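Grab a pencil and open the viewer. Here are a few exercises, each with a worked solution to check yourself against.

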Amino acid sequence: MVRLGERLALRLPRHAQAETLLDREAAWLPRLASQLAGLPSGTPHHAIPAIPTPVRTGVPRTGYPFRWAVVPWVEGTPAVHVPLEVRDAYAPNLAATLRGLHQPAPEDAPASAFRGIGLADIEDRFARRWDALAGGLGRERRDQLAEVWRRAVNAAPYAGPRVWLHGDPHPNNTVLAGVGPGPMASSPVLVDFGDLCAGDPASDLGSALLHFSPYGREAFMAAYDAGQVPDPALWARAQGWAVNYALIFAAQSPGEALRPLGRGLLA
């Protein structure tokens, strides 16, 4: 990412996988933005998220082998770098943003083999991650987390329409404008939609739970459920996804921004 003036940035993929994610954003973010723009304004408990639709795309040329894009620049601080109490404070706003995003997706919306799917589909991967890290946990905490996963796998599967998912709404893909001296903004902005897909919202919610302390998680869940009948099975699955993501983040190399969050949830 290279800053381009005050309001734009250049997205310059460094490998083929990153180019594939950029292609997904270029293909789908305009359609998503158009769909969300058609929602009634002022819908209770919803906040229509800002969608960073690419302004321009480019093709490979001599000296640079990948497709590229000009995208909006979101000024602010990644939420992973602010104190836990600051993240807890925006729990209701992040819930409203995800409620706004989690709208029924068109039939041809992209699917993912890693997100928005049933937990049974990732049990083998979860078992490998669990075996690698669970031995370092205290017995009581290990039993608690194993029970969370058991309840998640046994919860009623998702039976609703496939909804739009950010894919990775963790604190390193969430920007807070105005963090620093002076007032702190309370409206988090989601960035990096490269894993945009459609499916069960539980995977997005599980990633979002990693922003918060237990207090913040309760506030987030209550705000997401506001105005609708709570779905205990949805939150059981989301908590299972949270443990799965915690294992992924905890296994990252020292110095990686998300590693402390994963280890914090597991502790």
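**Exercise 1: the whole chain**

Solution. Before the numbers, a word on the model: it is predicted, so local features need pLDDT of at least 70 and side-chain atom pairs count only at pLDDT 80 or more, while totals for chains, interfaces and linings use all residues. Residues are numbered from 1 along each chain as its sequence is written, and side-chain values use heavy atoms, with hydrogens and water left out.

- Step 1. Along its principal axes, the C-alpha trace spans about 55 × 45 × 45 Å.
- Step 2. Buried residues (under 20% relative accessible area with a 1.4 Å probe, protein chains only; exposed is over 50%, partly exposed in between) make up 45% of the 267 residues.

**Exercise 2: an enclosed helix**

Work out how much of helix H3 (residues 91–101) is buried, and what packs around it.

Solution. 

- Step 1. Helices here are DSSP runs (H or I, at least four residues), strands are E runs of at least two, and both are numbered from the N terminus. The protein chain has 9 helices and 9 strands.
- Step 2. In H3, 9 of the 11 residues are buried, so this helix is largely enclosed by the rest of the structure. Among them are Leu-94, Arg-99 and Leu-101.
- Step 3. With contact meaning heavy atoms within 4.5 Å, the buried residues of H3 pack against helices H1 (16–37), H2 (84–89), H6 and H7 (214–225), plus strands E6 (163–165) and E8 (189–190).

**Exercise 3: two partners of H8**

Describe how H6 and H4 each cross H8.

Solution. 

- Step 1. Axes are lines fitted to C-alpha atoms, for helices over the stretch in contact, and angles run from 0 to 180 degrees between N-to-C directions.
- Step 2. The axes of H6 (residues 202–209) and H8 (residues 232–250) come within 7 Å and cross at roughly 55 degrees. That makes H6 oblique to H8; under 35 degrees would be roughly parallel, over 145 roughly antiparallel, 65 to 115 roughly perpendicular, and the rest is oblique.
- Step 3. Phe-126, Arg-129, Trp-130 and Leu-133 in H4 meet Val-243, Asn-244, Leu-247, Ile-248 and Ala-250 in H8.

**Exercise 4: two loop residues**

Is Ala-109 buried or exposed, and what is its setting?

Solution. 

- Step 1. Ala-109 is found in the loop between H3 and H4, and at 6% relative accessibility it counts as buried.
- Step 2. Leaving aside neighbours within four places in sequence, Ala-109 is in contact with Trp-28, Arg-162, Trp-164 and Ala-198.

Now do likewise for Asp-192, in the loop between E8 and strand E9 (197–199).

- Step 3. At 39% relative accessibility, Asp-192 counts as partly exposed.
- Step 4. Asp-192 has a positive phi of about 55 degrees, although it is not a glycine.
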